[in-house]
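The report below concerns charged side-chain pairs. Please view the sequence and structure first; the text then follows the pairs one by one.

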Amino acid sequence: MSIFREKLSFYRVYVEDPSRVRLRGMATVRSNIMAVNTLAELLKTTLGPRGMDKIVVETSGEWFITNDGTTILRNIDVRHPAAQLLVKAAEAQDGEVGDGTTSVVILAAELLNRADRLLQLKLHPNIIIKGYKHALDIALKRMRELAKPASLDNLEILKKICETSLSNKTLGFAKKHMIKIAVDAFLHIIEQREGKIYVDKENILVVKKPGKSLRESLLVEGLILDKGVAHPLMPKRINDAKIALISSPLKIEKAWYQKTEIVVKSMTDIKQILDEENRFLRENIVEKLLKIGANVVLCGDAICEGVQYLLAKAKIMAVKRVGISDLWRLTKATGGKLVASLKELTEADLGKAQLVEEVKIGPDKLLFIKGCPRAKSVSILLRAGSRRQLDEAERAFNDAIMNLITLTDEMKYVPGGGAIEMALASIIRREVSNYQGKEQMAIMAFADSLEAIPRILAENSGLDSVKILMKLRSLHEKGEHHYGVEAISKRIMDMFKAGIIEPLKLKEQILKSAFEIVSTLLRIDEIFTGLEFFEELPKPEEKDVPPASESKKK
Ligand code: ADP
Ligand code: MG
């Protein structure tokens, strides 16, 4: 299916013209539900490993293929306030746990549709929200009990979690390789202190280089700069590097020319100026660096040709115009200090690395900085035939890493493939009798809504979703809570045995995000623009207004 931005009128869900229309009561709720449904309809075919992809054509004419929920939502021109709220909720979900956006949208739409039916039965929105909250609480409590503990030593579990998150990504034969890179990168950046696990995703740097295939992607223990050395005569490999990190340019300042008064009368005078320049550069830049023992210079600005040549002669490696964010990352990793000018640089400011090396990748040159003492930084060099493939690979890699990081929040995992949703639905139905009154109807509606995930997973695999749901229901009623639908082999299976597992925290966040957006939308009973609201206020009758002259007299 393709989405052409220009032809998105169907997806441009707005309340007629939102600047003029005023909606009240049920009409508001209906309009909000319709907006959310439209987005859910669009996303639901992408859910799971058998989900379809979308081609997104941007206004610039550029296009790309994806089935990433957040990426699709970001590229839709959404006008309706409710739809915009949903997009924001999905983005928040992505920021929080990096995955599960499609599930949030599908669940939110399902909960709203069922709420709509309850509203028609004259249930007040507050009762529905209360019922949904009770059901959410049961789900969160029971899910924790159903979850299994994971550990960092169990590599199989870590790999399976990555594999489940990458199940719908088009990585072809490179999937195993990508999973290995993701797990290795993750294990490299984690830190354990006082029994707690700390991870900083900033310590993983992804560098994308078109060319070759995804299987040629590699993990470098250290940092990669997308730059080569400044001068061809400079050394390409330095062991035991002492690195100067400087943000200002390495060249003669204008003030020097103003101070040095030389009158040019002949060619020999020009040579004298050049000699003078060289002497200044050697004494103030190169000798200074040699004196404090620097053998690598990473500069955030330009390095003039004269300095490049002199540095090359002194066997100092230099790289010019390094991005400021890279320089900051380098300070963290090498333990060096970023200085504004060379004058301030001291030996204590130098960063350290076991090896700094220029590597040629196709026509490009990259700088590998390995064996940094401080941060546990790693870099992933992604390779693929085209930019588009690289972008999708980066999104996939991000999903895998984020799933592992989410796991460290709480080392527990639950069965995927709709198993946990079926389990929670059956448990909630069983516990509904503990509650009284109309809320029970909302609690049941929550349970029914959860079944949307296995239903859509089955539909997307071309299976008869009614049959699958019936079979799953009877299994879960017997307490077989690990059973879900395996979308590749199209069979009902024990998801733990099939290795389709997801972090507990991810599933918790999906339920919480869907509930948040649904309760926000159900509480809204009016949409109006400020201007039009005041226009509608009753205007004072003419006779009530005292004549201007009278009021003045008073
Ligand atoms: P989301 O944006 O919600 O993460 P995905 O398209 O990534 O959407 O699909 C995630 C869903 O796919 C999860 O419910 C997960 O359990 C399920 N899933 C992953 N792999 C399989 C599989 N092999 N069989 C069935 N379901 C799977
Ligand atoms: Mg996903």
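In this predicted model, the side chains of glutamate 110 and arginine 455 meet in a salt bridge at 3.5 Å, N to O, a salt bridge being a side-chain nitrogen of Lys or Arg within 4 Å of a carboxyl oxygen of Asp or Glu. Because glutamate 110 lies in helix α4 (residues 101–120) and arginine 455 in helix α15 (residues 452–460), the pair ties together parts that are 345 residues apart in sequence; helices (H or I, at least four residues) and strands (E, at least two) are DSSP runs, numbered from the N terminus. Glutamate 110 counts as buried at 12% relative accessibility, whereas arginine 455, at 22%, counts as partly exposed, where buried means under 20% relative accessible area, exposed over 50% and partly exposed in between (1.4 Å probe, protein chains only).

Two further pairs are set out here.

| Pair | N to O | Elements | Separation |
|---|---|---|---|
| Glutamate 508, arginine 144 | 2.7 Å | helix α18, helix α5 | 364 residues |
| Glutamate 394, lysine 208 | 2.7 Å | helix α12, strand β8 | 186 residues |

Glutamate 508 is buried at 4% relative accessibility, while arginine 144 is partly exposed at 31%, and glutamate 394 is partly exposed with a relative accessible area of 26%.

Salt bridges with shared partners join Glu110, Arg114, Arg429, Asp448, Glu451, Arg455, Glu459 and Arg473 into one network, and a search of the whole structure finds 33 salt bridges.

Local features need pLDDT of at least 70 and side-chain atom pairs count only at pLDDT 80 or more, while totals for chains, interfaces and linings use all residues. Residues are numbered from 1 along each chain as its sequence is written, chains are lettered from A and ligands numbered from 1 in the order in which they are written, and side-chain values use heavy atoms, with hydrogens and water left out.
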